[in-house]
Amino acid sequence: MIWHIAKREILDNLTRFRFALTLILIMVLMVLNAVVFVSSQYPRRIAEYSKDTNQAVESLKTKSSNLSELAVKGPGYLHKPVSPLTFIAMGEDANLPKRVEGAPSGGYGIGMTTPDFSFSYSWSANWWLQYPQHTSRKNDSLPNFTELDWTFIIGLVMSFMAILFTYDAISGERETGTLSLLMSNSVSRATVLLGKFMGAFLTILIPLFIGVLLNLMIVNASRLVSLSGGEWARVGIIFVASAVYISIFLWLGLFISSQFSNSSGSLLTLLLIWIVFVVLIPNTMGVLASGFQQVSSRSEISRIQKAREDEIDNRYKEGDKLYRIGSPSDTPPKIEVLRLWADYLNEHADAKSRLLDEHLNKQFAQVEFTQQITRLSPAAIYKYAVESLAGTGFARHKRFVQHARRYRQQFVDFIKSEDRGDNDSYHVYLVKEGLSQKPVAFNSIPKFSEQLTVRITFGGALLDLTLLVSLALLLFMAAVLVFMRIDVK
Amino acid sequence: MLWVIIRREITANILSFRFLMGLLIYFSLIVTNLFVLTRGYEDRLQSYQTAVRENEDRISQVTRYSEFGLTHMLKCDRNPKLLSIFNEGVDKRKGNTVTVAHGYVPAVAEQHGSDNPYLNIFSSIDFTVICQVVMSLLALLFAYDAISREKEAGTLRLALSCAVPRPTLLLGKYIAGMVSISLPLIASFVAGLLVIQFSPYVSFSGSDWGRILLIFLLSMLYVSLFFLIGLFLSTRTDRPSITLMFSMCVWVLFVLIVPNLTVLLVEHASPIQSEEPYREQARDQWKQYEAEVKDYLEKRGVEGPLDRANFGGVGARSGVNDYDSGETVQVGGFENEEGVPFAQECYGFKENLRAQYADRIWQIRKEYLDRNPNRQSLLALNISRISPAAVYYNAAAIFAKTDLGSFWRFMEQTRQYRREWVDYLRDEKIFSSRRWFTTEFEDPIDLSRIPRFNGQGEDIGNSLQRASLDIMILAVLNMLFFMGAFISFLRYDVV
């Protein structure tokens with residue numbers, strides 16, 4: 001019986017103007033998205049990424065001629081790989097940094113002669129992980145805009161269409177009086193509602209399916225991107241998530257439609273709900289949330305940094321302790337001088353590192369807090385889920401930074417273990433005279449890489465997927481409950 | 001007769017469900033939004049004031065003039081625009097501090113860096129965007145069934161069977177609709193203004209009030225356009241549900257899709273070329289400059305300007321980037337006092353030449369900016385005019401002084417300020433003064449005569465002139481749709 005009603009609904013929908021409109025709109029947008037992606041967006045970003053990584057490799061090669069230099073200067077720039085699924089969710093990648101930098105900055109030299117001692121040494125600071133704001137955006141004068149990716153096409157346009165498909169499903173039949181006729185047959189109300197849902201759901205899946213198919217065909221035909229099995233699986237999960245997301249709006253439509261006896265009333269209410277939850281909430285919360293949690297400004301951070309560094313300097317330079325017993329550049333150097341200088345330089349690097357890490361963590365926490373609030377909107381939940389699955393967006397960026405931090409440790413461990421292999425070295429980490437001066441085999445240096453597997457991305461999206469499914473179930477129950485109790489006349 | 005129709009329509013509208021919903025949503029949105037944006041403005045104002053103070057502090061530490069060349073360059077800070085509460089435009093996004101030196105013509109602005117840059121991933125909306133999205137939708141919702149519903153219900157026939165001319169009926173419906181929509185608009189506007197007034201940082205000047213009024217009138221013009229589109233569509237169909245469908249399509253297309261699409265198209269159809277060739281040219285210029293200076297010194301038989309005055313060398317810090325160069329020199333005392341005037345002469349030549357080269361390099365950089373980012377932005381602006389929503393936003397940004405043109409104006413002012421500064425340095429013969437390089441004077445430099453940056457805002461007449469094209473587009477579209485609705489309605493089959 002459900003199937004009977006669904007079939008009738010589908011046939012009815014297929015001949016309607018709104019179906020043709022949805023089909024054309026989704027097809028045009030999906031094709032446009034794919035064409036823009038393969039013709040310029042992706043090639044440009046890939047070219048930029050490979051140029052950047054090549055430069056990074058070259059500079060790493062240069063540094064590998066001397067272990068101590070590599071240890072001081074660090075691994076260099078770590079670039080964030082571009083996800084091949086960017087066409088599904090751009091994830092504001094243009095506004096997020098494209099790399100972190102494992103590099104030092106600043107060099108110093110001191111020469112002094114006093115009656116007691118004379119000292120001269122020049123050095124550069126030890127490397128630490130820095131988080132500059134280099135994005136791939138070229139022109140910041142262009143107005144902010146939403147990328148035409150799947151999250152826009154499905155999250156915004158399809159959800160709107162889902163409302164247009166269901167707003168009059170019940171209220172329209174009540175208006176024309178056909179609902180009471182329908183109910184006079186021996187069909188249960190739940191069957192009618194489910195039939196109506198299935199009808200609308202299957203009809204709306206047609207344009208979605210055709211659009212997605214066209215989109216993937218163009219992307220695949222370009223040979224620019226060859227999606228691996230894991231990536232296809234992720235695309236599959238994204239499609240299912242999209243279907244669940246659309247069903248939320250279909251159930252919402254049925255729920256509201258059951259409440260009204262005229263279809264214009266239900267449409268108006270639905271439109272207002274849609275505007276608030278899909279358009280407004282995701283777009284206002286950023287401003288609101290930044291007011292709740294304050295993060296220190298850049299100038300404040302540099303002030304704190306300077307204070308901490310001064311404190312370290314004062315401690316070490318008290319009574320010229322640092323200079324009195326000799327210089328690391330003496331030949332041969334005294335081991336206690338090397339240790340003292342290594343402690344001094346490490347403390348500096350650690351202080352900077354800790355401060356920057358803490359600051360970045362706070363900034364990230366603020367973003368996550370804002371994301372929590374925007375999860376009031378199903379469109380935002382959907383966007384975050386798809387971004388996680390596509391390997392873009394803020395969650396991915398955070399994971400990238402975490403990877404970079406783990407790599408930092410890996411790199412340090414590598415330097416220490418290489419150094420242990422050299423018997424001429426003093427094994428003092430980290431002052432350049434205290435480590436091996438021999439070259440390092442370039443291939444043995446651990447390289448930064450980031451693996452995005454189905455399991456990792458699915459794990460990241462699990463919360464949002466669960467929320468989507470629960471929301472769909474909730475609205476389903478609400479619609480059924482309301483429909484059970486309405487007066488069909 | 002017109003009055004009767006208007007009164008009847010207004011009563012019907014105000015009592016309707018959509019009016020209540022619209023008023024509620026619109027009101028709460030505007031009030032919370034203006035509250036939040038006012039706080040944002042306060043934050044930015046504070047960070048601007050801090051920046052200005054820090055700048056003065058830095059200048060007051062200067063003991064020799066060459067410090068202005070590199071280590072203590074002058075800074076121009078851009079004040080946040082008060083009316084950015086209504087329209088953020090590019091005010092928040094663009095940099096707000098600019099460095100100026102005789103060896104550097106400013107072309108880009110940096111951020112104070114007061115906030116969390118990662119929050120940029122969240123788009124934000126302001127008063128204008130709410131108006132752009134919600135008010136246009138509300139206008140369509142009020143208009144879509146104005147004619148077709150009455151036809152469906154059969155009341156149109158009754159109304160026209162009286163001695164009411166069709167134009168009067170249409171005009172009545174238009175005026176009544178506009179009055180009903182402007183009620184929530186005015187109410188939220190007034191409430192919003194009250195919220196803003198509570199802030200201790202905000203005080204509107206006379207011209208601000210004028211601009212607010214202009215933004216309000218512009219919003220009305222925009223809303224009226226969408227009302228007329230709805231009315232027009234309503235006279236083209238027999239059933240309100242079809243009108244509604246069409247109206248929604250128009251709305252989704254022009255408010256949501258077209259403004260996003262234009263940026264995308266422009267970014268991909270007219271991408272920005274590499275800046276490297278221009279940087280290369282600029283670097284060549286600096287090399288030429290170095291060669292010229294070297295030549296000048298060699299002819300005088302020295303390697304450095306201070307060679308005759310001081311044999312022990314000189315503390316100097318110099319920096320050359322692609323587009324700028326500067327040098328700060330420091331000499332404690334002189335071994336040969338007679339060599340000092342010669343050094344002064346040399347620095348006079350060298351720094352004067354540096355300023356000239358900086359001007360030449362600015363021309364190179366200007367060419368890049370004009371051909372690439374600026375051209376792209378202008379193109380995006382022009383193409384976006386396909387959508388009335390974008391036209392409205394641009395015009396409102398001009399009135400709020402937050403549009404790109406206002407930012408460019410600020411940048412032009414900073415360059416004007418640099419010219420003043422260079423003229424001052426030349427007129428006072430500071431390049432060839434003893435205080436250019438020596439630290440023998442402990443007391444700071446007399447700052448009172450140094451020109452200060454004073455970014456004058458645009459006057460209201462100028463803004464009106466710049467916005468006139470956008471206003472005209474909205475007005476013409478209004479007229480077109482009114483005529484369209486009028487002609488359609490004259491031929492409308494009322495039965």
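A: Happy to! Helices (H or I, at least four residues) and strands (E, at least two) are DSSP runs, numbered from the N terminus. By that count, chain B has 14 helices and four strands.

A quick note before going on. This is a predicted model, in which local features need pLDDT of at least 70 and side-chain atom pairs count only at pLDDT 80 or more, while totals for chains, interfaces and linings use all residues. Residues are numbered from 1 along each chain as its sequence is written, and chains are lettered from A and ligands numbered from 1 in the order in which they are written.

Now the overall form. Chain B is more spread out than a compact globule, because its radius of gyration (taken over C-alpha atoms) is 31 Å, well over the 23 Å that the globule rule (2.2 Å times the number of residues to the power 0.38) gives for 495 residues. Along the principal axes, the C-alpha atoms of chain B fill a box of roughly 110 × 45 × 35 Å. Of the 495 residues in chain B, 44% count as buried (20 or more other C-beta atoms within 10 Å; exposed is 12 or fewer, partly exposed in between, with C-beta atoms placed from the backbone). Among contacts in chain B with a separation of 6 or more (C-beta atoms, placed from the backbone, within 7 Å), 86% join residues 24 or more positions apart.

Next, the partner. The contact between the chains draws 50 residues from chain B and 51 residues from chain A. On the chain B side, H2 (17-60), H3 (127-143), H8 (240-269) and H11 (373-383) each supply at least two residues. H8(B) gives the most to this side, with 13 residues. By class, the chain B side has 32 nonpolar residues (Ala, Val, Leu, Ile, Met, Phe, Trp, Tyr, Cys and Pro), six charged (Asp, Glu, Lys and Arg) and 12 polar (the others, Gly among them).

Finally, a backbone detail. Most residues other than glycine have a negative phi. Lys429(B), though not a glycine, has a positive phi of about 55°. You will find Lys429(B) in the loop between H13 (404-427) and H14 (460-490) of chain B. Lys429(B) is exposed, with 11 other C-beta atoms within 10 Å.

If you glance across to chain A, Asp320(A) also has a positive phi, near 55°. Asp320(A) lies in the loop between H10 (298-317) and H11 of chain A, and with 14 C-beta neighbours inside 10 Å, Asp320(A) counts as partly exposed.

Key
Two residues are in contact if their C-beta atoms, placed from the backbone, lie within 7 Å.
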